Amino acid sequence: MERTDARQIARVTMLYDVSLVFNKMPADKKILVEVISDVICPWCWIGKRNLESAITQSGLPVDVQWRPFLLRPSMPPEGVLKPPASASNPRVGFRLKSKGEAVGINFTGACERTPFTVPAHALLKYASEHEPGRQNALQEVLFRQYFTDGVYPGGDNLRLAAIEAGLDPEKAIAYAQREEVHAEIKEEALQNSASGVSGVPFFIVNGKPVFSGAQPVETILHALRQAAAAS
């Protein structure tokens, strides 16, 4: 998803404003950017690259946290085989390909199956809870593995992703395989959908929903500066 749906953001903003009355964030000099996304969302990777460029340009201290969304919540654990790529049905369209190349991403469409992403989200949850400084790096690895390398995000591939991101692979995978963690991921993703998030990436800055879609660097930069001025 690329465009911002004003009604969607207004609804989510209302729900988050109510939440913040009862759960005030502790005072912190860093800006917190929460990104609701799914591992199989190509625009989420583009949005990530634009966010990182905006953070660099801003010079502001920013923490990024990735939160789950399930674009295909009924996907079976083994995923679904994709149809063969063809001229009439390319796996990577021209627009996505060019947008990706503009930010240094090579979308290949090489993975043969559309994946079940709950285990990947569980691994991201482990990083968030136990090694938060590595979650953003893990998200980058997961995006690259699936969209560029054609690697299915499951099984041993998640262990390799954990290693590449600098996590303790044994602890990370043991956590990511727990059924109760999978249930928590599904519940959080459902709550995000119920709050009004219908397209991703969806950005929340210092607890306030700001926009959805792979927004340009300038838009994200403006949001970061506004958050800094308001803190």
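The largest pocket has a lining of 13 nonpolar, five polar and three charged residues. Here Ala, Val, Leu, Ile, Met, Phe, Trp, Tyr, Cys and Pro count as nonpolar, Asp, Glu, Lys and Arg as charged, and the others, Gly among them, as polar. This is a predicted model, in which local features need pLDDT of at least 70 and side-chain atom pairs count only at pLDDT 80 or more, while totals for chains, interfaces and linings use all residues. Residues are numbered from 1 along each chain as its sequence is written, and side-chain values use heavy atoms, with hydrogens and water left out.

Stay with the pocket. Its lining comprises 21 residues. Ile-40, Lys-82, Arg-91, Thr-114 and Tyr-146 lie nearest the centre. The space inside is about 460 Å³. A pocket is an open set of points on a 1 Å grid over the protein atoms alone, where a 1.4 Å probe fits, with protein on both sides within 12 Å along at least five of seven lines; lining residues have an atom within 4 Å of a point. The volume is the space filled by probe spheres set on the points, which are joined across faces, edges and corners.

Now turn to the helices (DSSP runs of H or I, at least four residues, numbered from the N terminus). Helix α4 covers residues 118–130 and helix α5 residues 135–147. Their axes come within 9 Å and cross at roughly 160 degrees. That angle makes α4 roughly antiparallel to α5 (over 145 degrees). Axes are lines fitted to C-alpha atoms over the stretch in contact, and angles run from 0 to 180 degrees between N-to-C directions. In the contact (heavy atoms within 4.5 Å), Ala-120, Leu-123, Leu-124, Ala-127 and Ser-128 of α4 meet Gln-135, Leu-138, Gln-139 and Leu-142 of α5. These residues divide into six nonpolar, three polar and no charged.

A second pair joins helix α2 (residues 42–58) to helix α9 (residues 217–230). The axes are 8 Å apart, at an angle of about 50 degrees.

Two backbone features remain. The peptide bond from Val-200 to Pro-201 is cis, with omega near 5 degrees. Pro-201 sits in the loop between α8 (179–194) and β5 (202–205); strands are DSSP runs of E, at least two residues. Asn-206 has a positive phi, near 50 degrees, and is a residue other than glycine. Asn-206 lies in the loop between β5 and β6 (208–212).

Terms used:
Parallel < 35°, antiparallel > 145°, perpendicular 65-115°, else oblique.
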